[in-house]
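Please keep the sequence and the structure open while reading.

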Amino acid sequence: MEAVPLALPEDQVYPTIGDDGFRRLVHAFYRQVPNDDILGPMYPAADLEGAETRFRQFLIFRFGGPPTYIEERGHPRLGMRHGRFPIDINARDRWIALMNNAFTEAALPVEAEQTLRDFFDHVATFLINRKET
């Protein structure tokens with residue numbers, strides 16, 4: 001049985017990986033989105049760069065960095081902001097799959113990656129708002 005790596009406290013992720021780590025991770029994720037048959041249609045091509053910026057700023061704030069996201073957008077209200085997107089278990093699993101690819105490319109320290117994986121797994125499940133079709 002393989003040991004699960006220890007996770008960092010959430011507020012230590014940003015001090016560990018900084019802007020650059022979040023930039024690498026989020027960019028690697030969004031580079032996959034336009035060609036994805038499930039997630040691609042949920043992201044307007046004209047605002048893909050904006051979505052990438054907002055997601056990166058949210059993660060930076062959430063994991064111990066500067067509060068730029070809150071200053072510009074207010075409370076995250078993830079459920080409300082994602083309610084218009086049809087998120088079923090297939091969309092959730094695809095999101096996680098693309099993020100797994102992004103983790104491989106971003107090559108973050110294993111402890112920071114584990115903290116982010118735990119968070120993404122929880123939030124992706126929380127955001128499911130449709131039964132399978």
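How are H1 and H2 oriented to each other, roughly parallel or roughly antiparallel? The angle between helix H1 (residues 13–32) and helix H2 (residues 48–62) is about 155°. Angles over 145 degrees count as roughly antiparallel, and H1 and H2 are therefore roughly antiparallel to each other. The model is predicted, and every value below is computed from it.

**Overall fold**

- The protein contains six helices and zero strands.
- Read from the N terminus, the order of elements is α-α-α-α-α-α.
- The protein has 133 residues, and 41% of them are buried.
- Taking contacts between residues at least 6 apart in sequence, 75% connect residues at least 24 apart.

**Packing of H1 on H2**

- The axes of H1 and H2 are 10 Å apart, and their crossing is right-handed.
- H1 contributes Tyr14, Asp19, Phe22, Arg23, Val26, His27 and Tyr30 to this contact.
- These H1 residues meet Leu48, Ala51, Glu52, Phe55, Arg56, Leu59 and Ile60 in H2.
- Sorted by class, the contact of H1 with H2 comprises nine nonpolar, one polar and four charged residues.

**Packing of H5 on H6**

- The axes of H5 and H6 cross at roughly 165° and come within 10 Å.
- That angle makes H5 roughly antiparallel to H6.
- The crossing of H5 and H6 is right-handed.
- On the H5 side, the residues in contact are Arg92, Trp95, Ile96, Met99, Asn100 and Phe103.
- On the H6 side, they are Glu113, Leu116, Arg117, Phe120, Asp121, Ala124 and Thr125.
- By class, the contact of H5 with H6 holds seven nonpolar, two polar and four charged residues.

**Nonpolar core**

- In soluble globular proteins, nonpolar side chains tend to be buried together.
- The largest nonpolar core in this model has 38 residues.
- Within this core, the residues that touch the most other members are Phe29, Tyr43, Leu116 and Phe120.
- Two or more residues of this core come from each of H1, H2, helix H5 (89–106) and helix H6 (110–126).
- The highest contribution to this core is that of H1, with nine residues.
- Not counting residues up to four places away in sequence, Phe120 touches Leu25, Phe55, Leu59, Trp95, Ile96, Met99 and Phe103.

- Arg92 has a relative accessible area of 10% and counts as buried, because buried means under 20% relative accessible area.
- Leaving aside neighbours within four places in sequence, Arg92 is in contact with Ile87, Asp121, Ala124, Thr125 and Ile128.

**The loop between H5 and H6**

- Ala107 is located in the loop between H5 and H6.
- The phi angle of Ala107 is near 50°, which is a positive value in a residue other than glycine.
- Ala107 is exposed, and its relative accessible area is 55%.
- Pro109 is found in the loop between H5 and H6 as well.
- The relative accessibility of Pro109 is 35%, so this residue counts as partly exposed.
- Pro109 touches Thr16 and Ile17, when residues up to four places away in sequence are not counted.

**The segment before H1**

- Asp11 lies in the segment before H1.
- With a relative accessible area of 48%, Asp11 is partly exposed.
- Which residues does Asp11 contact, leaving aside its neighbours within four places in sequence?
- Under that condition, Asp11 is in contact with Phe63 and Gly64.
- The C-alpha atoms of Asp11 and Phe63 are separated by 4.8 Å, while the two residues are 52 residues apart along the chain.

Terms used: Residues numbered from 1 in each chain as written. Predicted model: local features only at pLDDT ≥ 70, side-chain atom pairs only at ≥ 80, totals over all residues. Heavy atoms only, no water. Axes fitted to C-alpha atoms, helices over the stretch in contact; angles between N-to-C directions. Helix = DSSP H or I, 4+ residues; strand = E, 2+ residues; numbered from the N terminus. Parallel < 35°, antiparallel > 145°, perpendicular 65-115°, else oblique. Left-handed = near helix turned anticlockwise from the far one by under 90°. Contact = heavy atoms within 4.5 Å. Nonpolar A, V, L, I, M, F, W, Y, C, P; charged D, E, K, R; others polar. Core = buried A, V, L, I, M, F, W, Y, C linked by side-chain atoms within 4.5 Å. Buried < 20%, exposed > 50% of the residue type's maximum accessible area, 1.4 Å probe, protein only.
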